[in-house]
Amino acid sequence: MSLVRKERQGQEMALTAGIVAIIVIFSLLPMARLLQEVVLPGGSFSLDVIRSGLVSNTTWVATWNTLCVGLGGTLFALVMGVAVAVLVSLSDVRHRQAFVLCFVTPLMIAPQVTALAWLQLFGPSSPMLNMLGMAPPIGTPNPLYSPEGIVLLLGIQYAPLVFLIVRAGLRKLPRELVEAAQSSGAGWFTVLRTVILPLMTPSIVGAAALTFVSCVGNFGIPAFLGIPANYLVLPTLIYQRLAGGGPAVLSEVAFLSVLIGVIAMVGIVLQDRISKRRDFRITSTSLPAAPYQLGAWRVPVELGMWALIAVILVLPLLGLILTSLVRGYGVTLSADTATLENYRFVVFEHAAASRAFLNSLYLSAAAAAFAVFAAIPLAYVIAWGKQRWIKALNLAVELPYALPGVVLAIASLLLFLKPMPITGIQIYNTVWIILYAYLARFLVLAVRPTVTGYFQLDRALEEAAQVAGAGLFTRMRTIIFPLIAPAAIAGGLLIFMTALCELTVSALLWSSGSETIGVVIFSFEQGGDSKYAAAVSAIMVATTFLLMLFASLFAKRLPDGVLPWRD
Amino acid sequence: MAGLSIENVTKRFGETNALDKVSIQVADGEFLAVLGPSGCGKTTLLRMIAGFETVSGGRISIGGSDVSTPQMNVPPEKRRVGIVFQNYALWPHMSVAENIGYALKVAGVSRAEREARVKAALALVNMEQYGERRPANLSGGQRQRVALARCLVAEPSLVLFDEPLANLDVHLRASMEDEFADFHKRTGTTILYITHDQAEAMALADRIAVMDHGRLMQLATPRELYHEPANEMVASFISQGMVLPADVLTAEKKGECKVRVLGQELVVRCRPGEKPRRDARICCRASQIEAVKGKGDGFDGSVTRAVYRGGAARIEFEPDGAQQTCLHFDQPDPVSFAAGDRARLRLTSGWLIPAAGEGA
């Protein structure tokens with residue numbers, strides 16, 4: 001009997017040890033290393049790094065720019081996301097499912113692909129404008145190479161994020177709270193202004209904070225749109241410094257990345273403050289309110305919503321595809337001149353590009369597979385564990401994703417610049433350092449849906465197995481894994497899709513031989529080969545659509561809300 | 001203040017009729033309860049009166065003017081109808097005073113007047129000192145009082161209660177019942193009160209409308225419902241009445257007639273104009289059954305169950321030759337019956353349920 005008990009305790013300790021190891025390696029270690037570089041450079045306490053960072057004029061300009069586009073992008077995303085969420089959730093517009101799918105898709109497309117696609121719409125070389133004969137004369141700068149362009153694209157990229165969060169909040173709004181206001185004499189807009197939107201404050205503020213952090217940490221959009229206009233934000237400043245100075249400037253960029261982290265944290269803390277100022281807890285559950293009858297406005301509103309889809313999704317993708325078919329710079333696209341040569345070139349001929357396809361495939365598959373297997377025990381402890389340190393655990397898993405990707409990339413660089421102690425293995429300048437960063441950054445994308453899955457499971461299923469005499473590992477293998485696997489795998493798929501086109505982390509960590517698709521697109525565009533960049537991007541967008549379709553096939557077996565594009 | 005008129009109202013959800021030609025007239029200042037088992041359509045009725053659902057047929061008018069017909073529907077915010085919800089529906093982001101003053105603010109009432117009226121409404125429900133509180137910090141009974149004050153402050157022509165006590169515990173229910181009754185007496189507001197709890201309906205209402213499967217079964221005073229149910233549904237629903245098959249032997253005379261039930265001849269109360277007929281039904285109450293000593297008038301059978309309830313036992317009894325019929329009555333201490341005992345019972349009185357089709 002005591003032997004059995006010992007074995008049980010052993011298994012639980014092994015689980016705990018494994019989880020602690022994952023957290024330490026992928027969350028605490030890189031963050032600690034980054035902080036050490038800033039305040040303890042070379043092993044002794046010093047504020048020199050901070051001081052030299054603070055006196056630099058470039059730092060201040062980039063910080064100011066970061067704040068400007070961060071706030072601007074957040075505001076734009078909020079307005080669009082909230083408006084669409086209100087219309088979809090509270091009015092009687094038709095074809096909701098299809099609309100939500102289209103509206104959320106930009107979130108699934110990598111930011112640099114979005115940026116590239118939009119760039120193809122405007123400017124003198126735009127194939128679409130050339131076909132229409134409306135292209136501005138050669139030499140005119142692309143209007144998107146500006147802070148306004150960055151704000152516009154950040155808003156479009158992250159409006160779906162706002163939409164998803166606010167929509168989830170609106171779904172929980174009980175109809176009585178709306179009806180009580182109506183029978184108090186309030187018309188629909190008054191109800192919206194005085195009851196519905198105020199009650200949505202936590203969702204809206206939460207979405208704002210998340211969007212702000214995403215905008216501030218975004219690299220792809222300001223890299224494509226800002227660098228040509230010499231409008232630098234902190235992530236692009238770090239990239240330029242590192243590309244120009246190499247490891248010598250690590251301390252300096254470490255400070256810059258901590259600065260981004262601080263800006264992001266201020267956003268999160270502000271959100272927490274605002275949400276706690278008033279009581280927004282909705283305690284009752286009930287049916288959702290009857291949809292508002294748009295009446296004569298229904299068709300115009302629906303047309304407006306689909307026009308929005310045309311602008312944010314269809315036109316840019318069309319621009320992307322058209323560019324990928326162009327024969328060369330300045331050649332007007334027509335049925336005769338269209339060519340698939342660019343696709344052939346990037347897939348078969350260009351060595352770095354074909355390498356990158358394989359690299360990204362391996363990297364994202366490995367990151368996804370690892371995350372699925374790590375997420376099941378991790379989420380088990382987070383969802384069902386009773387220990388007090390669990391809240392801290394959850395926070396530690398969220399941190400590397402909550403902080404901008406640049407921060408984690410710099411932390412990984414610092415951590416692995418020198419060969420690892422004892423073993424002497426060197427992973428700097430190999431594909432492994434990118435894998436490490438991906439694991440650390442994306443783990444939470446698998447943990448979140450898995451935790452949701454656990455909450456929807458009846459714990460008695462596990463307890464029944466326990467009563468039947470199954471040890472922890474046996475229960476994990478035979479009961480928990482089969483039940484929770486769909487949710488975890490869906491999370492893995494999200495990781496795969498996100499990592500496949502990832503740029504922020506790999507732009508700072510890649511080396512010759514370990515290029516990723518994101519890096520290749522970026523290099524093509526920087527080198528003026530938009531047609532090749534567009535071809536690679538078009539392939540990636542098609543892959544994304546296929547993956548979304550594939551995931552939707554087993555959507556019925558997944559917990560609600562795991563696939564963001566399913567309404 | 002104004003009355004409410006519901007005429008032939010029908011509500012169809014697809015193929016099913018949630019409400020089927022319901023007509024109810026509520027007088028100005030009346031307290032009318034709508035009573036029925038869940039799914040009987042009472043909530044749909046309330047939502048149509050408030051304007052949240054449209055009618056498929058018939059008309060609803062408040063204070064003499066039509067608000068709902070199949071052709072038009074006055075929106076809820078234009079009806080001046082107050083609602084007290086089962087789950088209170090207080091807005092968590094507003095203080096108690098803000099919740100109450102909402103309707104006035106929407107109507108553009110000046111700040112000073114608003115404050116005075118909110119204060120008066122708080123006083124009406126004995127909550128003067130709670131104006132600055134958040135709804136989350138109130139008990140269930142206090143929340144329901146705030147909800148009451150909120151719907152009163154706009155001086156609605158009609159107040160609808162949607163099972164307002166269903167979320168409260170038994171003790172609180174009794175005291176809130178008193179408050180509602182008291183409140184109705186003071187304000188004289190017309191009230192339509194939805195509930196599935198008959199004790200609550202009996203205690204509060206001037207008249208009760210009993211509904212079942214979307215139809216109005218009977219609209220009468222509590223006393224009349226109990227003593228003179230119009231049909232079998234009402235007879236068995238109200239206070240667990242027993243419905244027994246009987247033959248009417250004589251025509252009505254002075255509100256009574258003679259019937260044969262379970263082999264026993266019995267004089268029961270009845271409607272005017274009843275004639276002798278076969279296959280009739282009577283309703284009798286537990287208090288109208290008593291045990292017979294020896295070989296007196298009555299019928300034999302066996303006790304199927306005896307449950308002691310403190311001071312008295314509830315006895316369930318099956319008469320010989322009528323296996324489907326189960327009678328129940330209370331025998332006070334000393335309880336002598338046990339399950340399996342043979343016994344002889346008799347009915348002392350009853351009510352002849354009018355033949356189907358004679359209307360409510």
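**Entry 1: the end of a helix.** Helices here are DSSP runs of H or I with at least four residues, strands are runs of E with at least two, and both are numbered from the N terminus.

Before going on, I noted that this is a predicted model: local features need pLDDT of at least 70, side-chain atom pairs count only at pLDDT 80 or more, and totals for chains, interfaces and linings use all residues. Residues are numbered from 1 along each chain as its sequence is written, with chains lettered from A and ligands numbered from 1 in the order in which they are written.

**Entry 2: how enclosed is α8(A)?** I counted eight of its nine residues as buried, so α8(A) is largely enclosed by the rest of the structure. Buried means that 20 or more other C-beta atoms lie within 10 Å of a residue's own; 12 or fewer makes it exposed, anything in between partly exposed, and the C-beta atoms are placed from the backbone. The buried residues run E176(A), L177(A), V178(A), E179(A), A180(A), A181(A), Q182(A) and S183(A). They pack against α9 (188-199) of chain A, together with α1 (42-50), β6 and α2 of chain B. For contacts, the C-beta atoms of two residues, placed from the backbone, must lie within 7 Å.

**Entry 3: S183(A).** I stopped at this serine, which sits in helix α8 (residues 175-183) of chain A. Is S183(A) buried or exposed? S183(A) is buried, because 26 other C-beta atoms lie within 10 Å. Leaving out residues up to four places away in sequence, S183(A) touches A50(B), P76(B), V81(B), G82(B) and I83(B).

**Entry 4: the contact between the chains.** I found 23 residues of chain A and 20 residues of chain B in the contact. On the chain B side, the elements giving two or more residues are β6 and α2 (96-106). That side has 15 nonpolar, three polar and two charged residues. In this count Ala, Val, Leu, Ile, Met, Phe, Trp, Tyr, Cys and Pro are nonpolar, Asp, Glu, Lys and Arg are charged, and the others, Gly among them, are polar.

**Entry 5: chain B as a whole.** I listed eight helices and 20 strands in chain B. Its C-alpha atoms fill a box of roughly 80 × 50 × 40 Å along the principal axes. Of its 360 residues, 44% count as buried. Among contacts with a separation of 6 or more in chain B, 64% join residues 24 or more positions apart.

**Entry 6: the six-stranded sheet.** I traced an open sheet in chain B with mixed pairing and the order β6-β7-β8-β3-β9-β10. Two strands pair if DSSP finds at least two bridges between them. The edge strands are β6 (81-84) and β10 (215-220), each pairing on one side only. The twist averages 20 degrees from one strand to the next. Helix α4 (residues 140-152) of chain B lies across β6 and β7 (158-162), at about 175 degrees to β6(B). Axes are lines fitted to C-alpha atoms, for helices over the stretch in contact, and angles run from 0 to 180 degrees between N-to-C directions.

**Entry 7: inside the sheet.** I then looked at β3 (residues 31-35) of chain B, where five of five residues are buried. F31(B), A33(B) and L35(B) point one way from β3(B), while L32(B) and V34(B) point the other way. β3(B) pairs in the parallel sense with β8 (residues 191-195) over five bridges, and L32(B) has L192(B) as its bridge partner there. With β9(B) the pairing is also parallel, over four bridges, and V34(B) stands opposite A209(B). β9 (residues 207-212) and β10(B) are antiparallel over five bridges, with M211(B) opposite L216(B).

**Entry 8: the nonpolar core.** Which residues have the most contacts inside the largest nonpolar core? I noted A367(A), A371(A), I410(A), L443(A), V536(A), L192(B) and I282(B), in a core of 289 residues. Such a core is a set of buried Ala, Val, Leu, Ile, Met, Phe, Trp, Tyr and Cys residues joined through C-beta atoms within 7 Å. Helix α16 (residues 351-384) of chain A gives the most to this core, with 18 residues.
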